[in-house]
Amino acid sequence: MNHKYPWSASLLRRDLNARARHLASTCGLLHEQTTGREPSIIFGRDDQARHGNFHSASYAAISSNPDWQRRLTKVHTAHRRSRTRADWPWMELDCANSSDALLMNIFCHPQVFDGDTLVPAVARLLGVEPTAYPIFGIRPRVPLRSGLKDRTEIDLQLNNLFVEAKLTETSFQTARPSLIERYRDLETVFDIDRLPRKILYSPASQPPVEDFSQIEDVAPPEPSNLTLKPSRNLIDGYQLIRNVLAAYASDASFCVLCDARRHDLIEIWYSVLTAVHRPTFTARLKLLTWQELSTTLPKDLRQFLDTKYGIVGTN
């Protein structure tokens, strides 16, 4: 797989769903397809205890671990739409595009974590002790100026390492400066003037949109007869900023785990990283791709990642 050329979130989603559809049809796996402009493949547990979104060994380990199993219960946003099986509620980690499912496929595999220790090659790559136990979906409670704490969720904790996993998500979210300024340690960690920004444009006659939490990239407007003006100056990488602040407050390290094909997400990460002005803390912040991680994994899991996700280890 050539990672020199960028993939958009939409292109990667289409590729993953095509792979999932082929896997489901060739292996006879229980699945459905959502409706909408970009339909997604949803897998389910069949009568043979197979789940098409998971490697069989990883799924067996998840099913036998109550803490890990609870991570599977988050309901998918499309679960109320028509389904061929009324007794099958869609869950978020059933979706072929789920980065959380990919994360669990790897770290719950018994040849990656045997119940007591991580395989040494994975531990070394992440910079953690082999005894680090994978905990999914933690809330470190990031301190605010008000004395309260927010409910930021971290995808994976391995001892003192926080991991944020991304796959087909369109961005790391944007936010108004006032939302960023709520955090107690913002100026301690970041040079605020260097944080990445995104300018939104809107017609002069229309009021600006108020909810910017999931806005995709907006290019500068092309000349036209319609008068456009800057309507919002937003901070980009809001989710990353929260996660970095969570790591700082917890005296932890932080790693972004994403696909090497998503150059856009990688660029946002580095733009946030360059705004960190504490060199000793910067050394605890890193980026790792699924492709790099794949090189440390057992052969059967590497084959699964190649077939289902198109993830091939880098040389």
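Strand E4 (residues 154-158) pairs with strand E5 in the antiparallel sense, over three bridges. This is a predicted model. Within that pairing, Leu-156 has Val-163 of E5 as its bridge partner. The hairpin of E4 and E5 has two residues between the strands. In this hairpin Asn-159 takes a positive phi near 55°.

E5 also pairs with strand E9 (residues 253-258), here in the parallel sense and over five bridges. Leu-161 has Ser-253 of E9 as its bridge partner. The two pairings of E5 are set out below.

| Pair | Sense | Bridges | A bridge partner pair |
|---|---|---|---|
| E4 and E5 | antiparallel | three bridges | Leu-156 and Val-163 |
| E5 and E9 | parallel | five bridges | Leu-161 and Ser-253 |

How much of E5 is buried? Strand E5 spans residues 161-165, and five of its five residues are buried. In a regular strand the side chains alternate between the two faces of the sheet. Both faces of E5 are covered. Leu-161, Val-163 and Ala-165 lie on one side, and Phe-162 and Glu-164 on the other.

Cys-258 is buried, with a relative accessible area of 0%. Which cysteine sulfur is closest to that of Cys-258? The closest is in Cys-255, at 8.9 Å. A disulfide needs two cysteine sulfur atoms within 2.5 Å, so the sulfur of Cys-258 is too far from that of Cys-255 for a bond. The structure as a whole holds zero disulfides. Cys-108 also counts as buried, because its relative accessibility is 1% and the cut-off for buried is under 20%.

Now the helices. Helix H9 covers residues 263-273. Its buried residues are Leu-265, Ile-266, Ile-268, Trp-269, Val-272 and Leu-273. Seen down the axis of H9, these residues fall within an arc of 160°, so they line one face of the helix. An α-helix has 3.6 residues a turn, so residues three or four places apart point the same way.

How do helix H8 and H9 cross? H8 spans residues 238-249, and its axis comes within 10 Å of the axis of H9. The two axes cross at roughly 50°. H8 and H9 are therefore oblique to each other. H8 passes H9 in a right-handed crossing.

Note on methods:
Residues are numbered from 1 along each chain as its sequence is written. This is a predicted model: local features need pLDDT of at least 70, side-chain atom pairs count only at pLDDT 80 or more; totals for chains, interfaces and linings use all residues. Side-chain values use heavy atoms; hydrogens and water are left out. Buried means under 20% relative accessible area, exposed over 50%, partly exposed in between (1.4 Å probe, protein chains only). Helices (H or I, at least four residues) and strands (E, at least two) are DSSP runs, numbered from the N terminus. Two strands pair if DSSP finds at least two bridges between them. The arc is that of the directions from the helix axis to the C-beta atoms. Axes are lines fitted to C-alpha atoms, for helices over the stretch in contact, and angles run from 0 to 180 degrees between N-to-C directions. Angles under 35 degrees count as roughly parallel, over 145 as roughly antiparallel, 65 to 115 as roughly perpendicular and the rest as oblique. A crossing is left-handed if the near helix is turned anticlockwise from the far one by less than a right angle, and right-handed if clockwise.
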